[in-house]
Amino acid sequence: MSDTHYLINFHEIDPAMIPNYYDYGYVINSIKTKIVQEFGFDFKLYADDETSNEIWEVLEEDLQANPDKVRLLSHIFDGIETSTISSNDNDKTLELIVKPRITNAFYYYPDYQVALARTPVFQSHSENIHDFILAKNNECLVEFLQYILRRKREYIRNHVTVFTDTADGVESKKEKITTLVTRDEVFLEEHLKKEIYRSIDEFFSESGQFFKTYNIPYKRGILLHGKPGNGKTTLVKSIANSITAPVAYWQITEYTSSYSIQEVFSSVARMTPMVLVIEDIDSMPEAARSVFLNTLDGATSKEGIFLIGTTNYPEKIDPALINRAGRFDRAYEIKLPTNDLRFSYLLEKKIDQFMPLEDVERIVNATKGFSFAQLNELYTSIALQWHYEHEVHIDKLCSELQSANKKQMKQTWDSERDLHHVGFRV
């Protein structure tokens, strides 16, 4: 359909009606009139008061990936944008694209006889965005909603859904997983690695048949704790890359509240079985703790959810969060890498392209107490020195990083002595 087709044309409006140009009643009447003209009968109008953005997220995805599923009936206002400039997901280069705009457009799913319109409405001297969902009957809408949930599970497999608590409520967006991490790239003590992955695999195997067979509640929670830079985030990325279930990431902020907790768990409940990651769980605001714990204790709130919490400060976590069934079932310490792990990690980085293996062993012995993040910085420093000088001063580089490591630890200790704990324990 050409962009010149609109339901409401400004030149047709009497100047005396301009204050009501965006009026709700005028907008919905124009939409329903268009439906009758197009299909010969009226559609019912439905409210969406209790779900989040799934319908509109799938619509946007379908316009890109499944354009044959949905068609544009019309744009709504002739004085408002009809397309959006956006950036395309691309691992290597930034690509700017023009894509259909959801707002100010009227879309139709012919397979389900459902129409969707998101449009500005001017009320009380301010512009508000209103969502209109219309369907031939309840049966058509129910079938469409089932399609929405199926499609969302399909397209978010290569994405992480990110929930962020803000002053205006919970913001939800999907982010493409651009840095894929395999399980082989995760460096953990072997018994710990096996136990964590076995727990994950069994949870998502055959829709949790293991839990049904042995009459175990179908929910699981693990807490990963340890110093920064030791691979907690890498472990989570490898989990997201190695399972076919959806993964969501919840960013706790100072705006986290009872409302945002309920909204997040309500949203992820429609994605189950799935993984919910809560990083820096110790930063949960004190006023929201009891609601969070009560939500974890709920009989159905975590059904089908594999919950992963992470913290760099386990001493701030109330033991009751861990030692009570239904909250976090197990706590795993992600420790500083051992000599063997440091050696394996550096070889995986291909540090032996700059030096013989005996020098790699010298580095391993000189980096006791280093995290994987610090080892990665050491590798970068070695690569830069080799690139420009064609030689590597191993002892000097290790000594400098060790010194910086000790200073950082002392500064962290000094800066934390006067801070109040902000987690679950004060």
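Figure 1. Of its 426 residues, 43% count as buried, meaning under 20% relative accessible area with a 1.4 Å probe and protein chains only. This is a predicted model, where local features need pLDDT of at least 70, side-chain atom pairs count only at pLDDT 80 or more, and totals for chains, interfaces and linings use all residues. Residues are numbered from 1 along each chain as its sequence is written, and side-chain values use heavy atoms, with hydrogens and water left out.

**Figure 2. A nonpolar patch on the surface.** Ile-85, Leu-96 and Val-98 make up this patch, with about 370 Å² of accessible area together. Val-98 sits in strand β5, residues 95-100 (strands are DSSP runs of E, at least two residues, numbered from the N terminus). Val-98 counts as exposed because its relative accessible area is 64%, and the cut-off is over 50%.

**Figure 3. The largest cavity.** Here's a space with a volume of about 70 Å³, as filled by probe spheres set on the grid points. A cavity is a set of points on a 1 Å grid where a 1.4 Å probe fits but cannot get out. Its lining residues, with an atom within 4 Å of a point, include Phe-187, Leu-192, Asn-230, Lys-335 and Phe-372.

Definitions and conventions
Patch = residues over 30% accessible without salt bridge, like charges linked within 9 Å, V, L, I, M, F, W, Y side chains within 5 Å. Areas by Shrake-Rupley, 256 points an atom, 1.4 Å probe, with all protein chains shown as cover. Salt bridge = Lys/Arg side-chain N within 4 Å of Asp/Glu carboxyl O. Helix = DSSP H or I, 4+ residues; strand = E, 2+ residues; numbered from the N terminus. 1 Å grid on protein atoms, 1.4 Å probe; cavity = no way out; pocket = protein on both sides within 12 Å on 5 of 7 lines; lining within 4 Å.
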